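Please look over the sequence and the structure below. The paragraphs that follow go through a few places in turn.

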Amino acid sequence: MESNAVRPLDRLVGGLTKNVPVSALVLLGLGLMPLFGLLSAALLALVVLQRGYARSLLVLAAAIAGLGLVGWATGQGGWHVIWDPLSGPVTSIWLPAFLVAVVLRAWRSLPLAILVAGLLACLAVVAQLVLVADPVGVWHGLLAQFLAPLKQMFEARGPEAWNTRLDAMAWLMPGMSAASAMVGVSAMLLLARFFQARLTRPGAFGAEFRRFSLGLAVSLAGSLVFVARLLIDGPVLDSVAIVALGLFLFQGLAVIHALRHMRNWPRWGLVIFYICLALLPLWLLGLVSGAGLVDNWFDFRRLRSRTKA
């Protein structure tokens with residue numbers, strides 16, 4: 001039975017999608033707040049899923065127009081704020097969220113929608129490496145500004161430690177930035193799907209996510225990328241491999257949720273797992289993504305159900 005404690009929140013979230021001006025205003029407000037920018041992707045995806053393509057396009061167009069006005073009023077330039085992924089949410093959050101939500105609404109397939117998010121991230125990687133003259137150098141400069149408070153700590157280890165660390169991080173940043181955007185937008189798509197299910201078919205989202213599988217063909221493509229990365233050193237393969245890790249992360253999480261459901265483990269076990277995932281990301285993200293990749297070959301969920309039977 002659905003908990004009464006969450007129904008007011010469901011009604012509030014559902015109400016945000018009913019009126020175009022309200023939806024656009026909230027979308028713009030969330031997009032302008034750095035800590036809540038990704039939530040705007042969830043709102044836009046929910047508008048697509050609940051209200052259709054025409055209304056969601058109106059909401060997106062109104063929010064983009066409002067963002068341009070904000071940029072013009074603050075002296076940053078309307079077009080600059082709209083199209084620059086570092087200063088505005090349009091190209092890095094809103095457009096990818098809109099596209100993957102359209103795919104989900106049209107084909108009703110979470111794996112396909114998140115696969116499209118991964119392909120968009122790969123296109124973003126290629127765009128960075130092709131259109132920017134020295135993407136590694138650009139990221140080196142940005143990281144130097146962002147991590148400036150840590151400079152003395154690194155320089156204490158040696159005169160070249162600071163630049164060596166920045167060079168290593170900058171080399172990975174085209175892939176890391178694209179993968180982070182992909183994972184964030186995909187997570188917000190799942191959140192939108194969760195609220196859509198609560199508004200229309202309570203409980204349906206859990207079963208849908210536990211069945212999540214990218215398929216054997218995607219797993220084979222990902223395996224080839226990882227093997228090629230071991231044999232060939234280059235920024236393109238490095239970046240695409242990072243994106244692939246983010247892609248298989250969701251299947252790994254689906255496997256963990258499915259096994260918890262089959263074994264009837266307490267919910268606080270998932271809470272502890274996600275806390276550990278946040279505290280030890282370098283260790284657990286690779287393991288969970290690896291489990292998602294291998295699951296396409298061995299189907300852990302089916303093996304577990306057969307064993308239980």
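Phe 194 has a relative accessibility of 31% and therefore counts as partly exposed, since buried would require a value under 20% and exposed one over 50%. This is a predicted model, and the values given here are computed from it.

A search of the whole structure turns up 6 aromatic pairs. One of them joins Phe 194 to Phe 205 in an edge-to-face arrangement, with 6.0 Å from centre to centre and 80° between the planes. Phe 194 belongs to helix α10 and Phe 205 to helix α11, which covers residues 204-210, so this pair ties together parts that are 11 residues apart in sequence. Phe 205 has a relative accessible area of 15% and is therefore buried.

A further pair is made by Phe 209 and Phe 212. The centres of these two rings are 6.2 Å apart and their planes meet at 45°, so the pair is tilted. Both of its members, Phe 209 and Phe 212, are buried. The residues named so far come together with Phe 195: Phe 194, Phe 195, Phe 205, Phe 209 and Phe 212 make up one aromatic cluster.

Helix α10 spans residues 161-200, and Ser 186 is part of it. How accessible is Ser 186, buried or exposed? Its relative accessibility is 1%, so Ser 186 counts as buried. A polar atom of the Ser 186 side chain lies 2.8 Å from the backbone oxygen of Met 182. Which residues does Ser 186 contact, once neighbours within four places in sequence are left aside? They are Ile 114, Ala 117 and Phe 250.

Leu 199 is another residue of helix α10. Its relative accessibility is 32%, so Leu 199 counts as partly exposed. Not counting residues up to four places away in sequence, Leu 199 touches Asp 10, Gly 14 and Gln 50. For Leu 199 and Gln 50, the separation in sequence is 149 residues, while their C-alpha atoms are 9.3 Å apart in space.

One more place involves a ring and a charge. The charged end of Arg 105 sits over the ring of Tyr 53, at 5.4 Å from the centre of that ring.

Definitions and conventions:
Residues are numbered from 1 along each chain as its sequence is written. This is a predicted model: local features need pLDDT of at least 70, side-chain atom pairs count only at pLDDT 80 or more; totals for chains, interfaces and linings use all residues. Side-chain values use heavy atoms; hydrogens and water are left out. Helices (H or I, at least four residues) and strands (E, at least two) are DSSP runs, numbered from the N terminus. Buried means under 20% relative accessible area, exposed over 50%, partly exposed in between (1.4 Å probe, protein chains only). A polar contact is a pair of N or O atoms within 3.5 Å; within protein, one must be able to donate a hydrogen and the other to accept it, and residues adjacent in sequence count only if both atoms are side-chain atoms. Contact means heavy atoms within 4.5 Å. Rings of Phe, Tyr and Trp (its six-membered ring) pair if their centres lie within 6.5 Å; planes under 30 degrees apart count as stacked, over 60 as edge-to-face and the rest as tilted. A charge sits over a ring if NZ of Lys or CZ of Arg is within 6 Å of the ring centre and within 35 degrees of the ring normal.
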